[in-house]
Structures are given as structure tokens and as C-alpha cells.
Amino acid sequence: MRHIFTTLFIALSIGILIGNATAQTAVEPIDGWKITRNKDAVTLSPNAAFANNQPFIYRIDIADNLSGNNNNWFETLIEKDLSQSNWKEKTKGLQNKIGSIKTYVVQTGDNSSKTVYVAYLAYIINSDKIRVAKMHSFDKNYFLNNFKIATLHFVNLAQKDGGFSTGTTPDKPITQPTGQQNNPIETNLKLSDIHSVIIHLEYESGLGGAVYPVYNPYVLFKDGTIYGEPDSLDLAASKRNDPKKWGVWRIEGGLLKITWNAKPDKYKREEWKKDSYKNVSPAKKGETLSGSFKTMSGGGNTALGGDVMIVSSNTITFNDQGQFTLAKVGGGSSSTVSSYYKGQDAGTYTLDGYTIELRFNGGKTERKFFYFYPDDRKYFGIGTSVYVPRTK
């Protein structure tokens, strides 16, 4: 993890984030929050936070779009801002997406060792500009309580900017109008090319410094390449856009030896003992699921008992008729629940190997990486999130 130092600037507004701003969609206020406009930058903060002398700062800027010649533009943006703020990362940050909005949440520290909780969100507006949000607080509770409100505000801004595509907000699914078809990504994740899929025991730090175990998925291909924490089924695009997830592997002396191909871990070598990872299973073609499930990973702090999620949906319900809904369903997975048929956040699903295809009632189709946990098909992964049965 990078460690960077320069100037800390925290008050009613945050220091300049990145680049020069140009006006786009107007930023609307949030009820009960103070809003300050400084040229094209906008800073918002809840009045109650200031009253308790524990401000939560939410600043929005326009930055130059670096994605055309820099696949790691979001990481570059974060690195530059942390440097300007004189903050260094104390824990491994949690990176995810809400639709097409990139998100990053991390616990940092300033030069006096004071803890700062920080979130970055960004999306591309057009070929020239991106919209960037930065949220932070020195108090964990103020950060957690206000992060969700600010994130929903930023998602709504993205919709108006035209910078939001397929996905959902933490609370409310974003759907397309009925009849609008979104063609699925063609997957080249073929069973015939895969040696095995494993989940590896790792430890991550959440907000507040708590360390907790997670099992992250990896695909081992027969050609000797490895794909870490797969979130895209378009392998060529993943290699091009996210090369740090790729490396090479071999088994030697009872160890799984891996060498990663790209920064930040380029040429990093790891050796995993057999007892640190487990083989997982693909779905049978046409297999069905039944029940309501909640995610235990994928970002945020829900796995630790909190309420902040930065994943598309933290609950999904399936029935054995091939239907699903993201709405919370009482009484299990009854096939008579009307939300399966009418809800825009519902539709039909198909399992096939390491792929799940979700066809929403509004016409959108998504394909995701999928696997079953070893020895128990009640637990499964979709993308990098693990789902377990929801008991209430």
C-alpha cells in the first residue's frame, strides 16, 4: 500500500482535489446540510456534525479525464489527493463500484497520527471530464452515518450527468425503461480452459481498524495464468483495463506459487500452502437456487455489523422456478411473491458453470462470475461477494 505525505487541509471545505473544474450539472443541496459553493467546487456537510464539532466533509469537483491513456486513473487520482492531504493509508482500502461509479473507502492518518476516515467516488462524464467526490471525517460514527446519505446524493448527480450506467444504489435499484434491451457481455470464461477455481484465506482491515478473515476467489487457467478476484467475464477487457488482477501460477513442492504481472504488486511472488485455500465448484447447467441470501463481503462494513454497503445489492432472493428479486422478501422464496413478476429489480436467472445470468424485467441483462462453496451449495459467490442464507 502506498504511503504519501504533504499538506493537511480540513475546515468547512476540503483543499483542491484534482485539476481545474468546469461547470456541469448543478449540484443540489441536501436537506439539513450546509452547502458552500466556491467557483465550480461544491462542499456539503451536515449541520448536526458541525454542532458536535465532528465535521463530515463531502466535496464535489470536476477533474480532467485521464482514463484514455491511464487504466489506473482512479488510483492515480486517489494517490495524488492523499499526497496533497498529507494522509497515509493505515489499512487496506475497500474498492468497489456502484454501477459505473468507482468507489474507494479507506482508513488513513495525518502527520499527527490522528485517524481520518475517507471515501472517494468518481465517474466519467465524457471524454474530457470526470466528476469526483471526496468524503471524510475524523469520527468513525459520523463517517458511517453520513457516508450513505452523501453516496446516494452523488449517485443521483451521476444519473443527471449521464455518468451512471447499469447497477444499483445502496438502497434503490437503478433500472432501465421497460423494453430497453441491454445486451449482455459475451463471456470467454470457459470451463474447458479452467484448471480450478479457489478461494484463498486472506485478512482485510475494515473501518475502525478491525481485522477480519475473508476468502477471496481466484481462477487458475490451464495455460498457467491466474485471475484474482474476478469481477468481469470479459477476460480480454480485464487484462487490458485491470492488469494488476493477473499473474502466472504453478504448483511446486506442495505450494501454489504465484507471480503477479502488474503494479502495485508487479513481480511480487506469493506462496500459498494447501491449507490456506479451497477448491470451489461450478453450477450445473440449468441448476436452480431457492431462498433469500445476504452478502457477507464486497465492500463496506456490513460483515462487521455496520450498515454501510458499497455493492450493487446486499440481498437477493431466488426460487426454483428460475426467478430472482433484489427486494427483501418475507417468508422465504415463495414463487407467488408478486415482486418476482412486476419489480424492475427482479427477473429470471440462469446458472451455467462459473456464470450466472440475470435478466431483469426492464430489459437489462447482466452476467456475473459465480461459484458454490466447497461441500455446501447453500453458500455461493457472485463476483467478489459471498452470499449466505438470510435468516430473517
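Which residue in E15 does tryptophan 249 stand opposite?

The structure is a predicted model in which local features need pLDDT of at least 70 and side-chain atom pairs count only at pLDDT 80 or more, whereas totals for chains, interfaces and linings use all residues. Residues are numbered from 1 along each chain as its sequence is written, and side-chain values use heavy atoms, with hydrogens and water left out.

View 1. Helices (H or I, at least four residues) and strands (E, at least two) are DSSP runs numbered from the N terminus, and two strands pair if DSSP finds at least two bridges between them. Tryptophan 249 stands opposite isoleucine 258 in E15. E14 (residues 246–252) is joined to E13 (residues 225–228) by three bridges, and these two strands run antiparallel. Within that pairing, tyrosine 227 faces tryptophan 246 of E14. Six bridges, again in the antiparallel sense, connect E14 with E15 (residues 255–260). E14 and E15 form a hairpin with two residues between them, and glycine 253 in the turn has a positive phi of about 60 degrees.

View 2. Eight strands close into a barrel in the order E18-E19-E20-E21-E22-E23-E24-E25, with antiparallel pairing. From one strand to the next the twist averages 35 degrees (axes are lines fitted to C-alpha atoms, for helices over the stretch in contact, and angles run from 0 to 180 degrees between N-to-C directions). Three bridges pair E18 with E25 (residues 385–389) in the antiparallel sense. Lysine 294 stands opposite valine 388 in E25.

View 3. Serine 292 lies in strand E18, which covers residues 291–295. Because its relative accessibility is 9%, serine 292 counts as buried (buried means under 20% relative accessible area, exposed over 50%, partly exposed in between, with a 1.4 Å probe and protein chains only). Its side chain makes a polar contact of 2.7 Å with the side chain of threonine 317. A polar contact is a pair of N or O atoms within 3.5 Å; within protein, one must be able to donate a hydrogen and the other to accept it, and residues adjacent in sequence count only if both atoms are side-chain atoms. The C-alpha atoms of serine 292 and asparagine 319 are separated by 8.8 Å, the two residues being 27 residues apart along the chain.

**View 4. The loop holding aspartate 275.** Aspartate 275 is placed in the loop between strand E16 (269–273) and strand E17 (277–279). With a relative accessibility of 68%, aspartate 275 counts as exposed. A C-alpha separation of 9.2 Å relates aspartate 275 to histidine 200, 75 residues apart along the chain.

**View 5. Salt bridges.** A search of the whole structure finds 13 salt bridges, each defined as a side-chain nitrogen of Lys or Arg within 4 Å of a carboxyl oxygen of Asp or Glu. In one of them, lysine 129 bonds with aspartate 64, the closest N and O atoms being 2.6 Å apart. This pair links distant parts of the chain, with lysine 129 in strand E8 (residues 129–137) and aspartate 64 in strand E3 (residues 56–64), 65 residues apart. Lysine 129 is buried at 15% relative accessibility, whereas aspartate 64, at 39%, is partly exposed. The side chains of aspartate 242 and lysine 244 also meet in a salt bridge (2.6 Å, N to O); aspartate 242 is buried at 16%, and lysine 244 is partly exposed at 28%. Glutamate 366 and lysine 368 meet at 3.9 Å, N to O. Salt bridges that share partners join Arg250, Glu252, Lys257 and Glu271 into one network.

**View 6. Nonpolar cores.** A nonpolar core is a set of buried Ala, Val, Leu, Ile, Met, Phe, Trp, Tyr and Cys residues joined through side-chain atoms within 4.5 Å. The largest has 27 residues, and those with the most contacts inside it are Leu44, Tyr58, Leu121, Met135, Phe143 and Phe154. Two or more residues each come from strand E2 (41–46), E3, strand E6 (101–109), strand E7 (115–124), E8 and helix H3 (140–161). H3 gives the largest share, eight residues. A second, separate core of 17 residues includes Ala283, Phe293, Phe360 and Phe370.
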